[in-house]
Amino acid sequence: MAILGSLIKKEVLHIVRDPRTMVITILMPVVLLLLFGFAISTEVNDVRIAAVVDRHTDETRNLLEKIRVNHYFTFLGLTSENEVEYLLRSGKADAILILRTDETRLKGEIVADASNPTNAQSVATYIMGVINNGVSSSPVLTYTLYNPQMKSSYNFVPGIMGMIFILICAIMTSVSIVREKENGTMNLLLVSPIKPATIILGKLIPYFLLSCIILLIMMLISYTLLGLPVSVTIIDVVLVSLLYIVLSLSFGLLVSTIADSQLTALIGSAVILMLPVIMLSGMIFPIDNMPVFLQFISCVIPARWYIEAMRKLMIQQLDFSFIYQEIIILFSMTILLMSLSICKFYSSQKK
Amino acid sequence: MKKCDKVISVKDLTKKFGNFTAVDHITFDVQKGEIFGFLGANGAGKTTAMKMLCGLSRPSSGSATVANYDISTQGEEVKRHIGYMSQKFSLYEGLRVDENIKLFSTIYGMTDDMIKSASDRLYKSLNMEGMKKTLVKDLPVGWKQKLAFAVSTIHNPEVVFLDEPTGGVDPVTRRKFWELIYKASEEGMTVFVTTHYLDEAEYCNRVSIMVDGKISALDSPKALKEKFNVATMDEVFRIVAKDAIRED
Amino acid sequence: MKIRILKALLCKEIALMRRNPIIPKMIVAMPLMVMLVLPLVANLDVRNVGVTIVDNDRSQLSRRIIYDIQMATSLTVTKVCDTHNEAMLTVENGKADVILTIPPDYSKLLLSGGSKVDIEANGVNATKGMLGANYVAQSVAGTLKQWREEMGVDLTPETEKVSVLNKYNPTLNFRNYMIPALMVVLLIIICGFVPTLNLVNEKETGTIEAMNVTPVSRFIFVLSKLIPFWVVGLFVITVGMLIGRLVYGLTPHGNILAIYCATILFSLVMSGLGVAIANNSSTMLQSIFVMFAFIMVFQLMSGLFTPIRSMPEWAQCVTYAIPPRYYIEIMRSIYLKGTPVSELWQPYTILFIFAVSFSIIAAMTYKKQS
């Protein structure tokens, strides 16, 4: 026990003595949460529109006034027909509304910059809405369940957590073990009478503690600044996160038993862990939209199940019974990785 | 070039890292063509002192000239006239032997003709003709060390600084390595060498012994042994270094 | 003379990079992986929206509404149930995203204009919820319009008076929008991480000391670290464009030379940043973490995935200091719209200033002396 204590102390000193890395590990989740919470949104806002009008009538004036007062639009003013191409191409406008009046009928044409399709689609919908407003009232009412302001920040909290823990637990742990291998200090420990299990624990516990601190910080920000609803599910959130942290740690251990240089460990964990986590975990891109074979691949990515469970708990406020499937999967993955890396560790030692 | 007899001249050179004084007011001269041994325990400040002389580290106070250039104000000129072989093996392991030679000799401003004749001479003297195209990382340690020395002197510098050049090498290779040093010295090159091995100190014209950042003794091996009335440099070192406070 | 030294240093960089066991593989594999997989994944189009319908009307009209939703391309009917609670359950276990509630006697009350259907969207995935709700609304509106026409009560004769022309991407293919952006992501990652790792590696193995003791000028040395990434950047972009052409059928509409030119400038920005970070780090982990932080902020704040103009004022101001913002603007304009360089002089100039200043910072922070 005393040996374990001193090993942990050594590792903690090691982490603390590199303040830059530590500050980044703690600041990065904070910055990411704040950026997603307050800076980034997928909403289409501030669409810049210019208009071409061939004959001014009460109807066109009325229409342009409606666009001018609508807060979604920035009305750039009137322009001429041969400027249309230039304005769109150089990115000075997002859409041009061309109004032609032949005889008494008004005909409108929207020319949208569809290089960004989401933008173009929304522009068309908005303008049509403005033009048709009052002509035909919508037959439907729309509400939103959960997340009533449609803030996408909520949605990203689980994703960020899923990514950060992989980063800290897996990458930091594996690199720190491989560095000791490179320096030869690992051999020093291994030939000493200390049990290998103690050495592994001495490596894992400090990073586990660091992850707990980061979990605490992220939850504080999510539940206060980002305004996630507080409820009893917080306990479940913590429990599932702890399970995921252990899982990521086992991953780091596995990487460290395979990699022989820091560079390999870094690139290995960055390419094998980070890219799939970002691409296939459903963190940014919905899994339903993926081709089927990629959906199958996403099943073996732990972050997918963690993020799914966290969404249910944090955003939908569902209770534990809704996430037993995810829990079982995460738990068995942890056991598998843990035993795999321990086997690897012992067999590499015998060599 | 009339003051050429003193190739290195050091006065009150000091280096502090915060509160810690690694090198504490050292003063000495090195004559042209000399093999000057720089001895001391680990952490005595040898490498720090050497790095200041090579222009790798800025002195906190004091002054020194190397090949008649001031190290504080003419650092880049100093670098043009010295060679340096660091404690860590410092050729590019991923480059071939000829690529390393070409790289370093070009940096020292040698023309293609000069590089050709210098490298031919080098291959011949080291017996490395067959290894031109070998990657450096595939060479045995002894060869690497000899090659590193040859590369650091390829531009015919006035002084060559060797920082523990024979660390981790077997006695036979060490012997051969010292033959190279003698040869360079005979050709008029000044050699400034730090070492752990006290038997190597016997090969030097003069040695200085650093203890806790200061130079505690400086003379020829013979004179030192007479002064302390002992038979080997090993004993000299033990007597001089016995008051050392710093360890490792 | 200087040119000869630079040439020798470049030979060294290229030979070392070529013989590195991982880096060449990474430079080839990353573009392939990202360009082949991500466009399949990075699909923010909303499809497969699950709709649960609470049908309290049970009339011919309500059945038609359900049928039309089932037929709509991006919608699928998850379940038709009797109570709202039952419907909520399908949302909670993730099977449905939108609930449509048709009130009792809807078809009867409709003609008097007194009744409306309710659409509730699951806001957990905000985009999917919002667009899903819109799709359902459109589908319902379509059904109602048809029904009214059949009933002879056509109330909206003028709705067809607006037409939409989608320029540059008439099929509204989201992939086209993402492909230039993915090339930027690749460049950010490769030209950011590799020079950083490369220089820190020289520090850790000690070869940097052998360089520092030679009279080589630090500008030339740093330049030899930056220039290889012009080649790497051009290679990555070329692979990206080839895949874009062969796999996705998307060719740049504008001048390819202009794309290459911007790529060189941008790779200089990223590798300059990488060298500057490496100059100030002592271990690999440290440099990677600092670089990672920069890369995350670059990707999020440059308008790669989310529009800059939907950010709040303060965040928009921040984006002016984010170099990839300008590169993305250039890439998207040239690639998709064929904008001539003369209309993009502004981002080009800013990118050029960034490239020069980052290179100077890289050279200035490089210390030959400690």
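**Entry 1: two helices of chain C**

I began with helix α7 (residues 174–205) and helix α14 (residues 324–337) of chain C, which pack at an angle of about 140 degrees with their axes 9 Å apart. That angle makes α7(C) oblique to α14(C). I noted the cut-offs: under 35 degrees is roughly parallel, over 145 roughly antiparallel, 65 to 115 roughly perpendicular, and the rest oblique. The axes are lines fitted to C-alpha atoms, for helices over the stretch in contact, and the angles run from 0 to 180 degrees between N-to-C directions. Helices (H or I, at least four residues) and strands (E, at least two) are DSSP runs, numbered from the N terminus.

This is a predicted model, where local features need pLDDT of at least 70 and side-chain atom pairs count only at pLDDT 80 or more, while totals for chains, interfaces and linings use all residues. Residues are numbered from 1 along each chain as its sequence is written, and chains are lettered from A and ligands numbered from 1 in the order in which they are written.

Next I looked up the handedness, and the crossing of α7(C) and α14(C) is right-handed. A crossing counts as right-handed if the near helix is turned clockwise from the far one by less than a right angle, and left-handed if anticlockwise.

Which residues make the contact? From α7(C) I listed C:Asn176, C:Pro180, C:Ala181, C:Met183, C:Val184 and C:Ile188. From α14(C) I found several partners, among them C:Tyr327, C:Met331, C:Arg332 and C:Leu336. Two residues are in contact if their C-beta atoms, placed from the backbone, lie within 7 Å. By class, this contact has 11 nonpolar residues, one polar and one charged. For the classes, Ala, Val, Leu, Ile, Met, Phe, Trp, Tyr, Cys and Pro are nonpolar, Asp, Glu, Lys and Arg are charged, and the others, Gly among them, are polar.

**Entry 2: another pair in chain C**

I then turned to helix α1 (residues 2–19) and helix α9 (residues 218–226) of chain C, whose axes are 9 Å apart at an angle of about 40 degrees. That makes α1(C) oblique to α9(C), and their crossing is right-handed. On the α1(C) side I found C:Lys2, C:Ile5, C:Leu6, C:Leu9, C:Leu10 and C:Glu13, and on the α9(C) side C:Ile220, C:Phe221, C:Leu223, C:Ser224 and C:Lys225. I sorted them into seven nonpolar, one polar and three charged.

**Entry 3: a pair in chain A**

How do α9(A) and α12(A) lie to each other, roughly parallel or roughly antiparallel? Their axes come within 10 Å and cross at roughly 170 degrees, with α12 of chain A spanning residues 302–315. That makes α9(A) roughly antiparallel to α12(A). Residues in the contact include A:Val237, A:Val240 and A:Tyr244 of α9(A), and A:Tyr306, A:Ala309 and A:Met310 of α12(A). The contact has 10 nonpolar residues, one polar and one charged.

**Entry 4: domains**

I checked the domain bounds, which come from an automatic or database domain assignment. Chain C has domain 1 (7–42 + 170–365) and domain 2 (49–161), with C-alpha centres 47 Å apart. Chain A has domain 1 (2–39 + 151–350) and domain 2 (47–132), and 49 Å separate their C-alpha centres.

**Entry 5: which chains touch**

Chains A and B do not touch, and their nearest C-alpha atoms are 14 Å apart. Between B and C, I found 24 residues of chain B in contact with 20 residues of chain C. On the chain B side, α2 (75–80) and α3 (97–107) each give two or more residues, and α3(B) gives the largest share, six residues. By class, that side has nine nonpolar, eight polar and seven charged residues.

**Entry 6: how confident is the predictor?**

The complex gets an ipTM of 0.84 and a pTM of 0.83 from the predictor. I also read the pLDDT, the predictor's confidence in each residue, from 0 to 100. Chain C has a mean of 85, with 93% of its residues at 70 or more.

Chain A averages 80, and 88% of its residues score at least 70. Its element with the lowest mean is strand β5 (residues 140–145) at 57, and helix α9 (residues 233–258) has the highest, 89. Over residues 134–138 of chain A the pLDDT is below 50. My reminder to myself is that where pLDDT is low, the predicted coordinates should not be read in detail.
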